[in-house]
Structures are given as C-alpha cells and as structure tokens.
Amino acid sequence: MDTLVFLGTGDAMGVPRVYCDCDVCMEARTTGTNRRLRSLVMIEGPEGGFLIDCGPDWRAQMESQGLRFAEKILVTHAHFDHIGGLPEWADACRWLGRKGELYAPQEVIDTILKQFPWLARHMNVTAVDHGIELGGWKIKGWKVCHGYNGFSYAYRLEKNGFRWVYCSDSIGLNEKEKKPLHDLDLLVLGTSFVHETAPYESRSVYDMREAAELLAEVRPKRAVYTHMSHDVDLNGDIPLPSNVELARTGMKMELA
Ligand SMILES: O=c1ccn([C@@H]2O[C@@H]3COP(=O)(O)O[C@H]3[C@H]2O)c(=O)[nH]1
C-alpha cells in the first residue's frame, strides 16, 4: 500500500510569513497548527518512493521524517518555492557519492539548469514529457496555467486502479487543462487563499471558492487542498465541499 505524506502545505512564503503579525502567523509561531513549510509531498510504497518538488524547506522536511537521502524527485515547475532545495540535495548527493534522480519536463529542466548549472554533476536528469513510471506509478504531466506566475505542471498518477492528481500551482484552467482532472479518486489542489481579493490578473493560484466550482465540475471522489497561505486558518470554520479536507503538515493518506 502506498502512502502520500504532506511534508509541506504552504504557499511561496510559508506560514508564518516573516513580515507578518496576523492572527494565523502568530498562531503558527506559538501552538503551530498553521505552521506550513513550502509545498512538497512524499509518496512511499513497496515499489519505492519519491518526492514531488524540492523547495527551500527540503532540508527541514527531510529531518522531520528522519530521512537521510532522497533518491528521486519529480519537479512541477522552476519557481523558487518548488526548487530552492535542489542545491542542498545536490550537495548531499556529492557528500554521499550517490547520484540523485531528478525528473521534470524538459522546459523546466532547462530553467533549473540555467539557475543551478552544477546540479547535473550530482544527479541524473530525466525529461518526463512523455510520461514516467516511479514507484510503480504511471505518471503523466501536463502544463497548467499558473496565472500571473506563468505555468506549472500537474501530474496524474495511476497504479492498481487508483487515480490521483497533484496540482499545486494553477488557476483558471481551460477545458483542455481540466480534462485529466476527471475520474479521480483523489485531487490534491493548491488553493492559496479562502477568498483572494487581489485583482484576478495579479493572481496565480485558485482560491477555495473557485476550487469548489472546479470540483463541482470534475467531481473527484476526494480532494485535499494544499499550498495554503496565511489566509487559511486550520482552526477556523472554512466552508468546504463535503469531500474536501485541508492538508496539514505531516498528514498521511493511503493511496488506495
Ligand atoms: O519567475 C519566477 C516567478 C516567481 N517565483 C517565485 O514563485 C513564487 C510564486 O508565488 P509568489 O508570486 O507569491 O512568489 C513567487 C516567487 O517566490 C520564481 O521563483 N520565479
């Protein structure tokens, strides 16, 4: 049985935001229910495991699980909050004398290697544009609208009849982009805010109101929201569709 572990459930700034004294950020600093590291998930199972994304909190996330090595990492897009940990992973590979396996679409690889050209010395880099199999999961990625911030990729994973999607950074998906979101047992969707009031053209991730509309359309059996900013209070009373839950740091789910 495979397990999905939420090692990071925050937006680009994490929670608390360094500059912020709002109630959610202050709660995150004290009791810490809302403390959120940058978004990253781990899939583990009998056929091996892998991470999706490697943001700047990677080191703390590895330590939180007592993990000493990450062998395989699949990346969604080349934004700092999703790739900031890659140089630390590369250093770990170097010191252990073990090559990591980095997977991403070719255009994402190109950007990563422009930013961190030395990575290729410490890891094998594989383009996943035509799909990939990791840990027994058949994985297909597709490009999704990330609004003001450009594009990201979402991944659809299938194994033993279980179908799920990881789509952390998207907004306003068109019909083609929504197609792989149908017939899902689980949709992990990024929703930065409950209700984001900033002008639409300045935004880059669904809010929870829009996400509810998307779910009504694509009808996954279950959904989990992640990539949540300090707008989201896990101790609050947020109106959600009945099949939705909010990811919590360290939360585990069976993928079956
Ligand atoms: O070309 C770019 C654009 C943006 N970024 C990062 O991705 C984050 C996306 O959310 P945000 O807009 O709150 O903050 C952004 C930055 O931290 C990046 O690394 N490269």
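**A friendly note on the ligand shell and salt bridges**

The residues of the shell around the ligand divide into two nonpolar, two polar and one charged. This is a predicted model, in which local features need pLDDT of at least 70, side-chain atom pairs count only at pLDDT 80 or more, and totals for chains, interfaces and linings use all residues. Residues are numbered from 1 along each chain as its sequence is written, and side-chain values use heavy atoms, leaving out hydrogens and water.

1. Start with the ligand, which has Ala12, His79, Phe80, Asp81 and Asn149 around it.

2. Now look at the ligand's oxygen atoms. A backbone N or O atom of Phe80 is 2.7 Å from one oxygen atom, and a polar side-chain atom of Asp81 lies 3.2 Å from an oxygen atom of the ligand. For His79, a side-chain N or O atom is 3.5 Å from a ligand oxygen.

3. Next come the salt bridges (a side-chain nitrogen of Lys or Arg within 4 Å of a carboxyl oxygen of Asp or Glu). The structure holds 15. In one of them, Arg17 meets Asp11 at 2.7 Å, N to O.

4. Another salt bridge joins Glu217 and Lys178, with the closest N and O atoms 3.0 Å apart. This pair links distant parts of the chain, 39 residues apart: Glu217 is in helix H7 and Lys178 in helix H6. The helices are DSSP runs of H or I with at least four residues, numbered from the N terminus.

5. Finally, a network of salt bridges links Glu196, Arg203, Asp207, Arg209 and Glu210.

Technical notes
A residue is near a molecule or strand if one of its heavy atoms lies within 4 Å of it. A polar contact is a pair of N or O atoms within 3.5 Å; within protein, one must be able to donate a hydrogen and the other to accept it, and residues adjacent in sequence count only if both atoms are side-chain atoms. Ala, Val, Leu, Ile, Met, Phe, Trp, Tyr, Cys and Pro count as nonpolar, Asp, Glu, Lys and Arg as charged, and the others, Gly among them, as polar. Helices (H or I, at least four residues) and strands (E, at least two) are DSSP runs, numbered from the N terminus.
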